Amino acid sequence: MAQIEEANLDGMAHLVSNRAIKGETMILNMGPQHPSTHGVLRLLLELDGETVISCIPDVGFLHTGIEKNMESKTYQKAEVMTDRLDYMNTTGNNLVYCLAVEKLVDLDVPVRAQAIRVIIAELQRFSSHLVWLATSALDVAAMSAFLYCFREREMILDILELCSGQRMMTTFFRPGGLWRDVPVEFEAAVREVLKVMPRRIDEYESMLTKNPLFVDRTVGIGKISGEDALAWGLTGACLRGSGVAHDYRKFAPYSGYEQYDFEVPIETAGDVYARYLVRIHEMRQTLRIIEQALNTLPMGPVRSNNHKLVPPPRSEIGTSMEALIHHFKLWTEGFNAPKDSVYVAVESPRGELGVYLEGDGGPKPYRVHWRTPSWDNLQVLPVLAKRCLVADLVAIIGSVDIVLGDVDR
Amino acid sequence: MNEQTFIVALQSEFNGELIEFRGESTLVVQRDQLPDVARKIREMGFERLSDITAVDYFPEENPRFHLFYLFTSLSNKATLSLRVPIPGVNPGVGTIEGIYPNANWRERELYDMFGIQIDGHSDLRRILMPHDWEGHPLRKDYPLGYEEPQFTFNFDEIDVRKPYAKD
């Protein structure tokens with residue numbers, strides 16, 4: 001039997017106040033299985049009555065070693081793991097990984113593939129925001145919003161299933177384009193989403209935006225100024241809720257985002273309610289982007305025809321010896337990437353999602369590092385939670401929208 | 001991106017080598033210069049530290065690690081990256097937590113995953129692995145950790161050396 005250690009504050013005495021050492025305040029363990037911590041997050045709270053004096057996040061319960069594991073797979077095979085990082089934004093993870101590989105090996109993507117990537121990544125952003133709205137509203141006891149949001153999310157998961165055969169872990173984007181073209185039913189299904197969702201967003205807003213119970217629980221809670229938010233490395237809605245208009249889709253456009261007309265919503269209050277308003281507004285902008293991309297969707301190939309890096313179509317393999325050799329080489333050995341490194345970032349539903357990718361001249365990545373937005377957004381929690389009530393802490397955790405798969409990697 | 005002007009200004013002050021790849025340049029600085037370089041970068045208007053990570057070039061010993069720092073400036077619409085070579089014996093670097101507060105967790109991750117000592121860090125504990133974990137998982141000499149399969153003929157032999165809670 002391994003020795004069971006008694007819990008103590010020895011290693012963390014510098015993180016709590018002197019009163020905790022003397023036993024005047026209470027140390028309370030929240031999580032890792034607490035339903036309001038959105039996954040497996042453990043918080044050590046120092047409480048004076050109901051007031052949080054200090055808050056020490058303890059992460060790593062979902063650490064899966066994806067960065068280490070990707071080093072032992074070829075570039076194509078490692079992509080399957082990227083879905084598992086931020087499980088609310090699977091196609092967004094695929095997108096940033098594909099962009100990084102494409103930059104490393106200098107590969108061009110056809111315009112049709114870029115536009116479909118934008119549509120699917122934005123659909124995924126919408127579904128991620130729906131889950132955020134559902135769970136964070138549930139945290140402040142708005143049960144019906146939860147049920148409605150999950151109903152609407154099904155429509156988006158159905159579209160992902162239509163394209164890729166998978167509802168969540170799609171791996172639909174591949175280095176050099178897409179796995180295959182979207183089926184003919186795709187356009188009608190997306191049009192249906194575009195038709196239904198604006199009214200549904202109004203419905204959520206009618207339940208929450210002016211609901212006095214919701215406003216009381218969120219206004220003035222978990223405030224952070226724009227300057228502090230920048231210094232703490234916040235990105236996404238947490239930064240825009242504090243009045244800083246920063247969005248990677250505008251900052252350094254990728255995958256053809258510069259062609260689409262959309263706004264970057266900001267709020268200046270920097271509290272839980274501001275972050276809520278930003279995300280609601282973002283959902284409407286997302287629909288705008290999808291509509292423009294769908295209206296201007298060009299025809300053409302969806303995969304690069306550089307067959308040294310991208311497998312040839314299945315139909316060619318039966319008739320062309322060269323295609324067969326390329327297919328065999330790519331799926332047994334993979335392609336070699338230069339001995340250099342790139343950093344590529346995209347705007348995920350939570351903020352700047354970046355990947356640092358280094359090659360060593362061989363078919364496997366030498367080092368992959370994920371710069372995940374939830375990591376920084378969670379790190380600031382002790383600042384947001386200073387002197388708040390335990391019940392408000394739950395609302396704050398909901399409003400920063402962390403995904404623990406994204407934090408722990 | 002108009003990062004070129006900043007990187008040239010930094011290079012003239014700190015004399016680093018420039019690595020260029022796919023239109024992006026990275027400045028190599030020595031580890032004792034790092035806090036000064038970071039302070040200078042903050043003064044140049046880079047409000048946010050975006051990323052810190054490391055790469056292990058294991059059989060190499062000097063330098064064994066490269067640290068990678070990435071800064072973003074919203075006002076100048078630019079990003080700037082640094083590389084800091086670190087030797088394999090006593091790997092360590094000064095903290096930049098005082099300049100960019102969010103370096104705290106990222107430097108803890110460096111310590112946890114690569115065993116790099118961060119001098120002057122306020123809270124240097126493991127962050128992702130359990131506090132009593134041995135070794136630093138992202139080092140190249142750390143095994144990936146497959147389980148050794150046991151068969152009927154060698155079950156007991158492997159069972160003796162297999163690490164798990166036996167009783």
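This is a predicted model: local features need pLDDT of at least 70, side-chain atom pairs count only at pLDDT 80 or more; totals for chains, interfaces and linings use all residues.
Residues are numbered from 1 along each chain as its sequence is written, and chains are lettered from A in the order in which they are written. Local features need pLDDT of at least 70, side-chain atom pairs count only at pLDDT 80 or more, and totals for chains, interfaces and linings use all residues, while side-chain values use heavy atoms, with hydrogens and water left out.

Colleague: Happy to dig in! What is the radius of gyration of chain A?

Modeller: The radius is taken over C-alpha atoms, and the globule rule is 2.2 Å times the number of residues to the power 0.38. For 409 residues a compact globule would come near 22 Å, so chain A agrees with that, at 23 Å.

Colleague: How many of the residues in helix α3 of chain A are buried?

Modeller: Let's take buried as under 20% relative accessible area (1.4 Å probe, protein chains only); helices are DSSP runs of H or I with at least four residues, numbered from the N terminus. Helix α3 covers residues 75-82, and A:Tyr75 and A:Met81 are among those buried. The helix is largely enclosed by the rest of the structure because the buried ones number six of the eight.

Colleague: Is A:Asn94 buried or exposed?

Modeller: A:Asn94 lies in helix α4 of chain A. Counting contact as heavy atoms within 4.5 Å, and leaving aside neighbours within four places in sequence, its partners include A:Glu79, A:Thr82 and A:Phe172. Its relative accessibility is 0%, so A:Asn94 counts as buried.

Colleague: Nice. What area is buried between chain A and chain B?

Modeller: Buried area is the accessible area (1.4 Å probe) that two parts lose on being put together, summed over both. Here 52 residues of chain A are in contact with 49 residues of chain B. Carbon and sulfur atoms give 56% of the buried area, which is about 4,200 Å².

Colleague: Which residues in chain A lose the most area to chain B?

Modeller: Three residues together account for 18% of what that side buries. They are A:Lys68, A:Phe251 and A:Trp375.

Colleague: And which residue of chain A forms a salt bridge with B:Glu24?

Modeller: A salt bridge is a side-chain nitrogen of Lys or Arg within 4 Å of a carboxyl oxygen of Asp or Glu. There are six between chain A and chain B. In the one with B:Glu24, the closest N and O atoms are 2.4 Å apart, and the partner is A:Lys103.

Conventions. Buried means under 20% relative accessible area, exposed over 50%, partly exposed in between (1.4 Å probe, protein chains only). Helices (H or I, at least four residues) and strands (E, at least two) are DSSP runs, numbered from the N terminus.
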